[in-house]
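This report goes through a protein model, section by section. Please keep the sequence and the structure in view while reading.

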Amino acid sequence: MLFRSDDAEYEREIERVAERFRPLVRRCKELGRALRIGTNHGSLSDRILNRYGDTPGGMVESALEFLDVCEDEGHFDVVFSMKASNPQVAIHAYRLLASRLAQRGPGSGYPFHLGVTEAGPPPAGLIKSVAGIATLLNEGIGDTIRFSLTADPVEEAKAGRQLLENLGLRERKGLDLIACPSCGRAEVDVIEVATSAQRALEAANLPVQVAVMGCVVNGPGEAREADIGIAAGRGRGHLFIKGQVVRVVPEGEMVEALLDEVRKLVDEGLEARLAHAEANAAEIAEAERLQLIEIQGDANRSEERRAAVAEVAQGE
């Protein structure tokens with residue numbers, strides 16, 4: 001149950017807040033400065049809490065009260081931020097604010113600064129931030145973003161860049177590494193190879209999508225959308241471009257060969273590198289693929305794993 005103050009007293013409090021806020025608005029307008037209206041879920045005023053509760057609706061009402069003052073003063077250079085450490089609260093607040101602004105009619109399309117505030121250290125902070133920010137961006141809500149992590153600000157910026165690149169909202173300027181989670185067919189330590197490849201490729205700062213796959217049985221096909229990748233065979237690595245195997249190298253040279261081929265791909269282009277494919281690379285890969293299938297059989301213990309997954313899903 002929400003406690004409601006007297007309407008007259010509520011209006012008087014709004015006016016008192018507005019009068020304290022007006023000098024700042026006028027100064028911003030005079031200087032040609034933008035003003036951010038940021039409502040924090042954790043510090044709503046008693047007045048808002050008494051009438052609307054600790055809710056996204058209360059956050060939006062608070063923000064709109066300040067917007068009324070800005071518009072009354074003729075200052076429209078405003079950006080909004082709905083700050084909450086709970087992704088669901090942030091999502092609902094931004095959605096509601098977008099809806100309420102749309103109801104005000106043309107001229108109310110103010111920009112939104114997105115973020116899940118005080119998200120905490122990675123990896124939990126990253127997960128919460130992506131859950132909130134990506135959901136809204138995919139709905140067409142948001143103009144700027146910030147990852148609010150308990151981490152080096154450089155890591156915040158990297159996370160934001162990677163999110164925008166993966167959503168297709170920014171041209172790729174860095175590495176996008178795809179790697180399988182490893183399974184019974186893996187012929188190498190996928191985690192070690194993927195980590196080594198990531199370090200080397202990030203140091204080279206090459207804007208490519210790279211796949212590191214544990215086996216040649218499924219790797220090239222499953223990762224054929226990647227620009228380039230490598231899959232493990234029996235003591236060898238199979239380099240592939242857009243799913244086509246172009247080169248076979250010793251297992252110990254997988255990362256070095258991958259980095260070399262990535263640089264050539266960036267310098268020469270896709271068609272040129274496909275044209276330089278080793279004549280028998282695809283045949284070797286296919287022969288090893290069939291050999292591994294024959295040797296390993298059901299290496300992933302499919303029936304056993306399906307039964308285990310079903311048991312977990314049913315809560316037994």
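This is a predicted model: local features need pLDDT of at least 70, side-chain atom pairs count only at pLDDT 80 or more; totals for chains, interfaces and linings use all residues.

Strand 1 pairs with strand 2 in the parallel sense, and six bridges join the two.

## Aromatic pairs around Phe80

Four aromatic pairs are found in a search of the whole structure. In one of them, the ring centres of Phe80 and Tyr110 are 5.9 Å apart and the ring planes stand at 75°, so the pair is edge-to-face. Phe80 belongs to strand 2 (residues 78-83), whereas Tyr110 is in the loop between helix 4 (87-103) and strand 3 (113-114), so this pair ties together parts that are 30 residues apart in sequence. Phe80 and Tyr110 are both buried.

Phe80 also pairs with Phe112: the ring centres are 6.2 Å apart and the planes lie at 85°, so this pair too is edge-to-face. Here again distant parts of the chain are linked, with Phe80 in strand 2 and Phe112 in the loop between helix 4 and strand 3, 32 residues apart. Both Phe80 and Phe112 are buried. Ring pairs join Phe80, Tyr94, Tyr110 and Phe112 into a cluster.

## Arginines over Tyr10

Two arginines lie over the face of Tyr10. For Arg47, the distance from the ring centre is 5.3 Å. For Arg51, the distance from the ring centre is 4.0 Å.

## Arg22 in helix 1

Arg22 is part of helix 1, which covers residues 7-31. Is Arg22 buried or exposed? Its relative accessible area is 11%, so Arg22 is buried, the limit being under 20%.

When neighbours within four places in sequence are left aside, the contacts of Arg22 are Glu15, Val69, Asp72 and Glu73.

## Cysteines

The structure holds zero disulfides. A disulfide is a covalent bond between the sulfur atoms of two cysteines. For Cys28, the closest cysteine sulfur is that of Cys70, 8.0 Å away, which is too far for a bond. The cut-off for a disulfide is a sulfur pair within 2.5 Å.

Seen from Cys70, the closest cysteine sulfur is likewise in Cys28, at 8.0 Å. Both residues count as buried: Cys28 has a relative accessibility of 11%, and Cys70 one of 0%.

## Leu137 in helix 5

Leu137 is located in helix 5, residues 124-138. With a relative accessibility of 14%, Leu137 counts as buried. Beyond its neighbours within four places in sequence, Leu137 is in contact with Leu114, Gly142, Ile145, Leu164, Leu167 and Leu169.

Leu137 and Glu71 are 66 residues apart along the chain, and their C-alpha atoms are separated by 26 Å.

Five strands form an open sheet in the order 5-6-7-8-9, with mixed pairing. Its edge strands, each pairing on one side only, are strand 5 (176-179) and strand 9 (244-250). On average, neighbouring strands of the sheet are turned by 20° against each other, direction ignored.

Strand 5 and strand 6 (residues 209-213) run parallel and are joined by four bridges. Asp176 stands opposite Gln209 in strand 6. Helix 9 (residues 254-268) packs on the sheet and touches strand 6, strand 7 (228-232), strand 8 (236-241) and strand 9. The direction of helix 9 makes about 160° with that of strand 7.

## Gly229 in strand 7

Which residues does Gly229 touch, not counting those up to four places away in sequence? They are Ala211, His238, Leu239, Phe240 and Leu258. Gly229 itself is in strand 7.

Gly229 counts as buried, at 0% relative accessibility. The C-alpha atoms of Gly229 and Val262 are separated by 8.8 Å, and the two residues are 33 residues apart along the chain.

Methods. Residues are numbered from 1 along each chain as its sequence is written. Side-chain values use heavy atoms; hydrogens and water are left out. Buried means under 20% relative accessible area, exposed over 50%, partly exposed in between (1.4 Å probe, protein chains only). Contact means heavy atoms within 4.5 Å. Rings of Phe, Tyr and Trp (its six-membered ring) pair if their centres lie within 6.5 Å; planes under 30 degrees apart count as stacked, over 60 as edge-to-face and the rest as tilted. A charge sits over a ring if NZ of Lys or CZ of Arg is within 6 Å of the ring centre and within 35 degrees of the ring normal. Two strands pair if DSSP finds at least two bridges between them. Axes are lines fitted to C-alpha atoms, for helices over the stretch in contact, and angles run from 0 to 180 degrees between N-to-C directions.
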